[in-house]
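Here are my notes on the model, point by point. Please read them with the structure open.

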Amino acid sequence: MSIHIVALGSECPGGVGPGEEIMGQGQLQGGLLWSYLGHGALVGPCDLESSMHNPAFMEYSSLVFGDVTVVVRDCPSWDLLDSDWASVRKVLEQADILVIKYSVTDKLAFQQVRNGYAPRLRPLLRHWGVPVILVAVGARLNDEGPPCTCPLCASDWSSCVPHSEGLQLSRDLGATYLELPSLNHVFVGRYFGSVLEYFMIQCLKHKAKERPDKRRGNKVNDLRPPHLEQPARLPPIRVEESSFSQDMQWLLERGVQFADVAFYAGDSGKELGWAHAAVLCAVSPYFRQLLLGPKTRERPQSRCVCRERDGGPNSLLSNWDGAIIDDMPRSEAHSTGRLSRLVVKDPLLCMCLWETLMFIYRGAWEWDHLQEALEEKLKNTLAAAQLIERIRSLIGKEKITTEEEKQEYIVGPRDTPSARAAQLGPQTLVNLFNSPLYSDVIFMVQGSVLPAHRAVLVARCDVMAAMFSGKYAEARSRVVPIHGVSSDTFLSFLEYLYTDSCCPASVLQAMAVLVCAEMYQVKRLQHLCEVCVCAYLQSMPSRELSSTGISVIRLLRRAKCHNAEQLYIWLLHFIANNYLIFSHKPDFLELSEEEREQVERLRWPSRGYLQELSEYQQRRRKLRKSRCIVM
């Protein structure tokens with residue numbers, strides 16, 4: 001039997017340009033496939049007719065597995081695909097294995113392959129079902145210095161091909177991705193050779209099934225390598241659904257203690273409800289202008305004809321249909337601070353003020369629910385549509401001009417994930433994050449001043465609710481010192497409370513936020529940090545895992561210490577799946593006896609497979625020696 005391998009691309013930086021000599025034997029002997037085949041490779045044309053019509057392909061052959069002929073056609077120039085695509089396609093049709101090579105220090109050539117030639121090869125490879133090996137050769141610039149602890153390091157992306165781009169290209173082509181820092185016998189023989197031998201064995205099995213009439217008396221071919229099972233799947237990290245809307249609804253319903261805005265009916269003076277200025281100002285620019293204070297307050301600008309004719313704030317409030325709210329003098333006897341009294345002059349809004357406030361507090365994006373609630377309350381579809389129009393003006397929506405915008409203006413945007421992300425949703429309080437606007441508490445963390453709002457903190461965190469609502473010093477003090485947490489970590493914690501999202505910059509930062517979340521008993525944030533830690537570690541290639549300064553064993557200890565049970569179990573499985581990397585590190589001995597037993601039980605590859613592989617290699621060597629003696 002014979003195996004035909006086609007190699008495209010150059011493992012050397014710069015490659016081969018148009019008009020240059022394709023490849024000499026001296027350069028060939030330093031290549032990837034020649035290094036793997038060793039001294040037994042012979043340069044010369046093959047018996048296929050297409051080889052004579054493709055002088056750009058350097059052809060050589062060798063013997064593997066005793067009597068299997070491997071024919072290699074190596075072409076480092078991608079320009080051949082444009083100059084003689086028909087003959088190249090014939091060569092690719094005869095290939096059993098395709099090897100694509102590139103240098104990690106030649107980003108221009110890689111981009112040419114990814115953007116120009118990979119889209120042409122992809123449909124052909126899917127049709128033929130040829131196994132593809134994508135090999136990145138060379139060391140990146142930042143690999144020469146001390147190892148970077150950030151999995152998203154991009155210090156040399158301007159000149160080198162990052163790992164993520166090579167991995168994405170392999171996924172697009174359906175290829176097996178390898179990185180070889182150099183072409184020595186360790187990387188070529190152990191890493192590249194093992195993958196290539198696997199595909200050659202599969203190819204031989206496929207050809208043997210297609211030709212059952214051939215005699216199979218070779219004992220070397222009768223030996224079957226041991227089957228390597230796939231590593232166990234890592235356990236998933238489960239994160240609770242967001243409770244942001246429910247927390248803000250709770251604040252509206254029960255957070256009267258921290259309310260600083262009171263609504264009154266314009267005709268009767270009856271109290272209609274309470275709200276929080278910080279939330280109203282974050283959602284509505286009208287409230288923001290209305291409640292800023294007597295010195296800087298500006299009335300909302302009206303686009304109606306009557307205001308342009310009269311031109312004063314009194315005419316705006318008296319004549320403008322959208323003039324819904326007016327303010328009254330604040331009570332100086334209010335013990336909790338400044339109290340704003342707002343008079344609701346629109347009768348429809350007076351009837352549906354609670355539904356409107358609930359809509360604003362829950363994120364100002366549930367337009368369908370708002371319309372249903374208003375129609376049920378008013379029993380009039382036209383009146384509900386008029387009130388929705390005024391609510392849109394209240395929260396700063398622009399006037400519609402097209403028919404599609406008119407439909408969306410009346411019924412609101414569609415309730416889809418993309419629409420939620422585009423609308424306010426959990427981003428309603430993003431303008432309040434780390435902002436002094438209506439701030440009533442200041443956290444002092446390592447000399448940094450972090451303004452916050454008690455109403456938001458009480459609604460989003462139970463520990464904060466107990467701290468500011470009970471008989472503690474924090475409930476009466478405007479300045480609250482925070483100890484044992486860095487300013488960046490506490491700022492990330494506050495960011496989650498305001499935006500319901502968490503994006504730590506590194507594994508260590510994610511662990512620090514996890515500890516802070518455990519301190520304040522915010523379970524969802526703790527689980528989000530666990531997901532971030534798992535994502536960062538899982539994105540690291542094996543070479544970076546072996547050289548990184550991050551101790552996964554110590555992360556395991558911290559996860560157990562701070563009740564991160566899901567992360568603790570995940571890290572145990574992660575260590576077991578990368579047993580050959582972590583078992584050689586000194587901190588591996590820090591595992592407890594129970595943990596080490598669990599890692600040994602889950603380790604990949606297993607002891608049994610390594611033992612079978614060793615026996616298989618010994619039998620192959622003995623059979624080869626006996627064959628040589630007979631010959």
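1. Buried means under 20% relative accessible area, exposed means over 50%, and partly exposed lies in between (1.4 Å probe, protein chains only). Lys-377 is partly exposed, because its relative accessible area is 38%. Glu-355 counts as buried at 18% relative accessibility. The two residues form a salt bridge, with the closest N and O atoms 3.6 Å apart. A salt bridge here is a side-chain nitrogen of Lys or Arg within 4 Å of a carboxyl oxygen of Asp or Glu. The pair links distant parts of the chain: Glu-355 sits in helix H16 and Lys-377 in helix H17, 22 residues apart.

2. On provenance: this is a predicted model, in which local features need pLDDT of at least 70 and side-chain atom pairs count only at pLDDT 80 or more, while totals for chains, interfaces and linings use all residues. Residues are numbered from 1 along each chain as its sequence is written, and side-chain values use heavy atoms, with hydrogens and water left out.

3. Overall content. The chain has 32 helices and 14 strands. Both are DSSP runs numbered from the N terminus: helices are H or I with at least four residues, strands are E with at least two. Of the 631 residues, 47% are buried. The chain exposes about 32800 Å², and carbon and sulfur atoms supply 52% of that area. Accessible areas come from the Shrake-Rupley method with a 1.4 Å probe; for residues, only the protein chains shown count as cover. Among contacts with a separation of 6 or more, 68% are between residues 24 or more positions apart. Contact means heavy atoms within 4.5 Å.

4. Strand S1. Six of the seven residues of S1 (residues 2-8) are buried, so this strand is largely enclosed by the rest of the structure. Seven bridges join S1 to strand S4 (residues 68-75), and the two run parallel. Val-6 has Arg-73 as its bridge partner in S4. Strand S5 (residues 97-103) also runs parallel to S1, through four bridges. There, Ala-7 stands opposite Val-99. Two strands count as paired if DSSP finds at least two bridges between them.

5. The sheet of S12, S13 and S14. The three strands form an open sheet in the order S13-S12-S14, with mixed pairing. Strands S13 (448-452) and S14 (479-482) are the edges, each pairing on one side only. The twist averages 30 degrees from one strand to the next. S12 (residues 441-445) and S13 run antiparallel and are joined by five bridges. Ile-442 has Pro-451 as its bridge partner in S13. Helix H24 (residues 487-499) packs on the sheet, touching S12, S13 and S14, and its direction makes about 10 degrees with that of S13. Axes are lines fitted to C-alpha atoms, for helices over the stretch in contact, and angles run from 0 to 180 degrees between N-to-C directions.

6. Which salt bridges share partners? The whole structure holds 15 salt bridges. In the bridge between Arg-460 and Asp-247, the closest N and O atoms are 2.8 Å apart. Arg-460 lies in helix H21 (residues 454-460) and Asp-247 in helix H10 (residues 244-254), so the pair ties together parts that are 213 residues apart in sequence. Both Arg-460 and Asp-247 are buried.

7. Asp-500 and Arg-524 form a salt bridge, with the closest N and O atoms 3.2 Å apart. Asp-500 lies in the loop between H24 and helix H25 (507-519) and Arg-524 in helix H26, so the pair ties together parts that are 24 residues apart in sequence. Arg-524 is buried, with a relative accessible area of 16%. Beyond four places in sequence, Arg-524 touches Val-239, Glu-240, Glu-241, Ser-242, Tyr-496 and Asp-500.

8. Backbone points to check. Trp-604 and Pro-605 are joined by a cis peptide bond, with omega about -5 degrees. Pro-605 is in the loop between helix H31 (593-602) and helix H32 (607-630). Ala-364 has a positive phi near 60 degrees, though not a glycine, and is buried at 1% relative accessible area. Gln-446 also has a positive phi, about 50 degrees, but counts as exposed at 60% relative accessibility.
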